[in-house]
Amino acid sequence: MGGLLEAFDFPALAELLGEIGADAWLLYDFHGVNPVATHVLGIRGMGTRRFFVLLPRAGAPVAVAHRIELASFDGFPGEVRPYAAWRELHAALRPLVAGKTLAMEVSPHDGVPYLDRVPHGVVQLLEGFGARVVPSASLVTRFAARWSATELAGHRDAAEALAGIAQEALRWAGSELARGAEVRETAVQRRVMEAFARAGLVTDHPPIVGFQANSANPHYEPREGADRRLQTGDVLLLDLWAGPARGSVFADQTWMAFAGRAPDAELRRVWEAVHAARDAAVARLRERWGGGGRAAGTGAGPGGRARGGIAKAGDGAQFVHRTGHSIDRDLHGSGPHLDNFETADDRVLIAGVGFSVEPGIYLTGRFGMRSEINVFLHETGPEVTPSTPQAELLLV
């Protein structure tokens, strides 16, 4: 395990702070409300008290931490100012922040909730000390959302494993149905979880498994005793996510199947619309990527390309969520999303970040379809995982 801020790129921070007109990045956390802070700092210890860490454009970092949790700051490359009583906290903060413009995890009008981590009361406190608080969006993308080479390798392995597990589970459901066995949504869930265990993968939640009408609920959760039994002619949706360890970069995929051999024209039309929208988003990324580490614009471009394709197919009102979410150490990460629908995320996509691409069409009470892959942005362009995404509706 590395030390706090080990290998942190302070020159890059100084450059970005200059671009946004800030004197420092002030990282704040309390009880894990701001995962950006703990990831950037590399803190692994107990976090039951407030801490503030000032990363200035010039000069050494300064931490303000509670006396009972100073061990979390062992090896900190700067001054650690301890406090216990709230008056001590205020006395330590006031001279540290007075007159400074501070970048923090805030989002005006809660425009992007993933960036709105610092409570309003904390902002009020700092402003009362004479500080000015500005959003840290570009800093979060650069220092918190990018994947390491090790994380990319683990994600790739997990993605290939998930693709195999998903197809096996869906085909198993079809074969069990064909022999007359009862197949329920929770049974498919269990089969996936057992496959994760055999593959050495971990997850934070069982997969989404929805048959027919339940597949039209994007975040449906089957419950034992209240789940649906598979019938011939049903649509099957399987959304699964896992990684090599807790805190790793998970893979996140959705696979679609049909219980039968002859899906009707509408099912085929919806699948083709979703599949084409997914690929159109990736094509937009490839078109816009400049190479050499240059940005590919914001996520609104590929997100809008996917949404436009589904709207052209006549199903725009049935695409009820963003096109894709950031993936980092959190499945729904803090980096840029492919979104100008749920949120106005105007952050630029840069090399090193990853995200899902998952357009869907949901016909309430009938069926829904979603096709989900992941993308990592190299300096040379996007890499899609898994290496062989779903191209045809699985007939099981």
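Trainee: How many cavities of 30 Å³ or more does the structure hold?
Mentor: This is a predicted model. Rolling a probe the size of a water molecule over the atoms shows where empty space is left. For cavities of 30 Å³ or more, the count is one.

Trainee: What is the volume of the largest cavity?
Mentor: Its lining includes I43, M46, R49, H66 and F73. By class, that lining divides into five nonpolar, three polar and three charged residues. The volume of the largest cavity is about 60 Å³.

Trainee: Which element gives the most to the lining of the largest pocket?
Mentor: About 900 Å³ of space lies in the largest pocket. Of its 29 lining residues, the closest to the centre are H39, V40, R44, F143 and R329. Elements that give two or more residues are α2 (35-41), α5 and α6 (149-178). The one that gives the most, with five residues, is α2.

Trainee: How does the lining of the largest pocket divide by class?
Mentor: Take the residues closest to the centre, among them V40 and R44. Val counts as nonpolar and Arg as charged. Over the whole lining, the division is ten nonpolar, ten polar and nine charged residues.

Trainee: Which element gives the most to the lining of the second largest pocket?
Mentor: About 580 Å³ of space lies in the second largest pocket. Among its 25 lining residues, L16, A137, S138, T141 and V348 are the closest to the centre. Two or more residues come from each of α1 (10-20) and α5. With five residues, the element that gives the most is α1.

Trainee: How many nonpolar residues does the lining of the second largest pocket have?
Mentor: Leu, Ala and Val count as nonpolar. L16, A137 and V348 are among the residues closest to the centre of this pocket. The lining also has five polar and seven charged residues. Its nonpolar residues number 13.

Trainee: Are the rings of W25 and F143 stacked, edge-to-face or tilted?
Mentor: The structure holds seven aromatic pairs. A pair of aromatic rings is described by the distance of the centres and the angle of the planes. Here the centres are 5.9 Å apart and the planes are at 45 degrees. Stacked needs under 30 degrees and edge-to-face over 60, so the pair is tilted.

Trainee: How many residues apart in sequence are the parts that W25 and F143 tie together?
Mentor: W25 lies in strand β1 (residues 24-29). F143 lies in helix α5 (residues 137-145). The separation in sequence is 118 residues.

Trainee: Is F143 buried or exposed?
Mentor: F143 forms one aromatic cluster with F8, F10 and W25. W25 is buried, at a relative accessible area of 0%. The relative accessible area of F143 is 11%. Buried means under 20%, so F143 is buried.

Trainee: Which residue has its charged end over the ring of F319?
Mentor: The distance to the centre of the F319 ring is 3.9 Å. The face of F341 also has this residue over it, at 3.9 Å from the ring centre. The residue is R307.

Trainee: How many residues of strand β8 are buried?
Mentor: V235, L237, D239 and W241 point one way from β8. L236, L238, L240 and A242 point the other way. Both sets are buried. For strand β8 (residues 235-242), the count is eight of eight.

Trainee: Which residue in β9 is the bridge partner of L238?
Mentor: β8 pairs with strand β7 (residues 208-211) in the antiparallel sense over four bridges. There, I208 stands opposite D239. β8 also pairs with strand β9 (residues 251-258), antiparallel, over eight bridges. In β9, the partner of L238 is W255.

Trainee: Which strands stand at the edges of the open sheet of four strands?
Mentor: The order is β10-β11-β14-β15, with antiparallel pairing. Four bridges join β11 (residues 354-357) to β14 (residues 373-378). An edge strand has a single partner, so one side is left without a neighbour in the sheet. The edge strands are β10 (326-327) and β15 (381-385).

Notes:
Residues are numbered from 1 along each chain as its sequence is written. This is a predicted model: local features need pLDDT of at least 70, side-chain atom pairs count only at pLDDT 80 or more; totals for chains, interfaces and linings use all residues. Side-chain values use heavy atoms; hydrogens and water are left out. Rings of Phe, Tyr and Trp (its six-membered ring) pair if their centres lie within 6.5 Å; planes under 30 degrees apart count as stacked, over 60 as edge-to-face and the rest as tilted. Buried means under 20% relative accessible area, exposed over 50%, partly exposed in between (1.4 Å probe, protein chains only). A charge sits over a ring if NZ of Lys or CZ of Arg is within 6 Å of the ring centre and within 35 degrees of the ring normal. Two strands pair if DSSP finds at least two bridges between them. On a 1 Å grid over the protein atoms alone, a cavity is a set of points where a 1.4 Å probe fits but cannot get out, and a pocket is an open set with protein on both sides within 12 Å along at least five of seven lines; lining residues have an atom within 4 Å of a point. Grid points are joined across faces, edges and corners, and a volume is the space filled by probe spheres set on the points.
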